[in-house]
Amino acid sequence: MKTTAPESQILDSLTLQQLCRFCRAEESWVVELVQQGVLEPEGTGAANWRFHGLSITRAKKARRLSCDLGINAAGVALVLDLLEQREHLLRQLGRYENL
């Protein structure tokens, strides 16, 4: 795992294997999330993928949705998109309420 500084515990990026360990998931599940557009790794081919900030966060949320609610990868993609839209709309509403 690459960190931003030796004394820091903040993750900068993860390989496919590291992300699988972090999420306690199989590689095939992560690959399916990439195919569904849930995760957007850098690099060509699974062996060279690097997952950064948002993808790591989305992977952890996706794993909870999958394990806790039994949602498949396509459903996870839909739920995460809807949650992000909701958060965006709530931020917009908050700005309008402050005017």
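1. R24 sits in the loop that links α1 and α2 (27–35); helices here are DSSP runs of H or I with at least four residues, numbered from the N terminus. This is a predicted model, in which local features need pLDDT of at least 70, side-chain atom pairs count only at pLDDT 80 or more, and totals for chains, interfaces and linings use all residues. Residues are numbered from 1 along each chain as its sequence is written, and side-chain values use heavy atoms, with hydrogens and water left out.

2. Have a look at the backbone of R24: phi is positive, about 55 degrees, although R24 is not a glycine. Most residues other than glycine have a negative phi. R24 counts as exposed because its relative accessibility is 73% (exposed is over 50%, buried under 20%, partly exposed in between, with a 1.4 Å probe and protein chains only).

3. R24 follows helix α1, which covers residues 16–23 and has L16, Q18, L19, C20 and C23 as its buried residues.

4. On to α3 and its length. Just after α3 comes G70, with a positive phi of about 70 degrees.

5. Which residues of α3 are buried? They are S55, I56, R58, A59, A62, R63, L65 and S66. Residues three or four places apart in an α-helix point the same way, because there are 3.6 residues a turn.

6. T57 also belongs to α3, but T57 counts as partly exposed because its relative accessibility is 42%.

7. Now the packing of α3 (residues 53–69) on α4 (residues 73–97): the angle is about 120 degrees and the axes are 10 Å apart. Axes are lines fitted to C-alpha atoms, for helices over the stretch in contact, and angles run from 0 to 180 degrees between N-to-C directions. That makes α3 oblique to α4 (under 35 degrees is roughly parallel, over 145 roughly antiparallel, 65 to 115 roughly perpendicular, the rest oblique).

8. Who touches whom? From α3 it is R58, K61, A62, L65 and S66, and from α4 it is V76, V79, L80, D81, E84 and E87, contact meaning heavy atoms within 4.5 Å.

Notes: Helix = DSSP H or I, 4+ residues; strand = E, 2+ residues; numbered from the N terminus.
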